[in-house]
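Good morning, and thank you for making the time. I shall speak briefly about helix packing, and then about some individual residues.

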Amino acid sequence: MRQHPVKGARHLLDTPGVPRLAIVTAFEHHIKFNFSGYPTVPLNWQQNICSHMTTISDFFDALRTRRPYREPVELPKIVDMMQGMMGNDLHPVLTRNFLKIISKLMESESAG
């Protein structure tokens, strides 16, 4: 499991026509904002903004999607979790913007 970012990036690197950004994002999408996560990279690593965005959306999708082993997590719970992760696991500015979008979804769900 922890090897899938490296293996995925290698596979994409060997696939003609795949944009470099897709390869970088595949490699970096489990590196957290504080550089924990995987794969391990040097502390001076410059993580691409697209990778941060993918990390945020991947986390959200993993919780919001029904899995064979659990039901989807409710939006308010996910929002609370993500707020607690801002600045450590998740890019704070991008997460704040993402949560603004989610709050609008929550408002429209409760109105409808």
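**Helix packing and local features**

Helix H4 (residues 75–85) and helix H5 (residues 92–111) pack with their axes 11 Å apart, at an angle of about 165°. H4 is therefore roughly antiparallel to H5, a term used for angles over 145 degrees. Axes here are lines fitted to C-alpha atoms, for helices over the stretch in contact, and angles run from 0 to 180 degrees between N-to-C directions. Helices are DSSP runs of H or I with at least four residues, numbered from the N terminus.

Before I continue, a word on the source: this is a predicted model, in which local features need pLDDT of at least 70 and side-chain atom pairs count only at pLDDT 80 or more, while totals for chains, interfaces and linings use all residues. Residues are numbered from 1 along each chain as its sequence is written, and side-chain values use heavy atoms, with hydrogens and water left out.

To return to the pair, the crossing of H4 and H5 is left-handed, meaning that the near helix is turned anticlockwise from the far one by less than a right angle. Which residues make the contact? On H4 they are Leu75, Pro76, Val79, Met82 and Gln83, and on H5 they are Thr95, Phe98, Leu99, Ile102, Met106 and Glu109, where contact means heavy atoms within 4.5 Å. By class, this contact has eight nonpolar, two polar and one charged residues. In this scheme Ala, Val, Leu, Ile, Met, Phe, Trp, Tyr, Cys and Pro count as nonpolar, Asp, Glu, Lys and Arg as charged, and the others, Gly among them, as polar.

Pro5, Val6, Ala9, Leu12 and Leu13 of H1 meet Arg20, Ala22, Ile23, Ala26 and Phe27 of H2. That contact has nine nonpolar, no polar and one charged residues.

Which residues of H1 are buried? They are Pro5, Val6 and Ala9, buried being under 20% relative accessible area, exposed over 50%, and partly exposed in between, with a 1.4 Å probe and protein chains only. Seen down the axis of H1, these residues fall within an arc of 100°, so they line one face of the helix; the arc is that of the directions from the helix axis to the C-beta atoms. They pack against H2. The face of H1 turned away from its buried side carries the exposed residues Lys7 and His11.

In H2, the buried residues are Ile23, Thr25, Ala26 and Glu28, and they pack against H1 and H3.

The loop between H2 and helix H3 (49–64) contains Pro39, and the peptide bond from Tyr38 to Pro39 is cis, with omega near -5°. Phe35 is found in the loop between H2 and H3. Phe35 is not a glycine, although its phi is positive, at about 70°. With 24% relative accessibility, Phe35 counts as partly exposed.

Finally, I come to Thr55, which is placed in helix H3. Is Thr55 buried or exposed? Thr55 is buried, with a relative accessible area of 11%. Leaving aside neighbours within four places in sequence, Thr55 is in contact with Glu28, His29, His30, Ile31, Gln47 and Leu90.

Key:
Helix = DSSP H or I, 4+ residues; strand = E, 2+ residues; numbered from the N terminus. Parallel < 35°, antiparallel > 145°, perpendicular 65-115°, else oblique.
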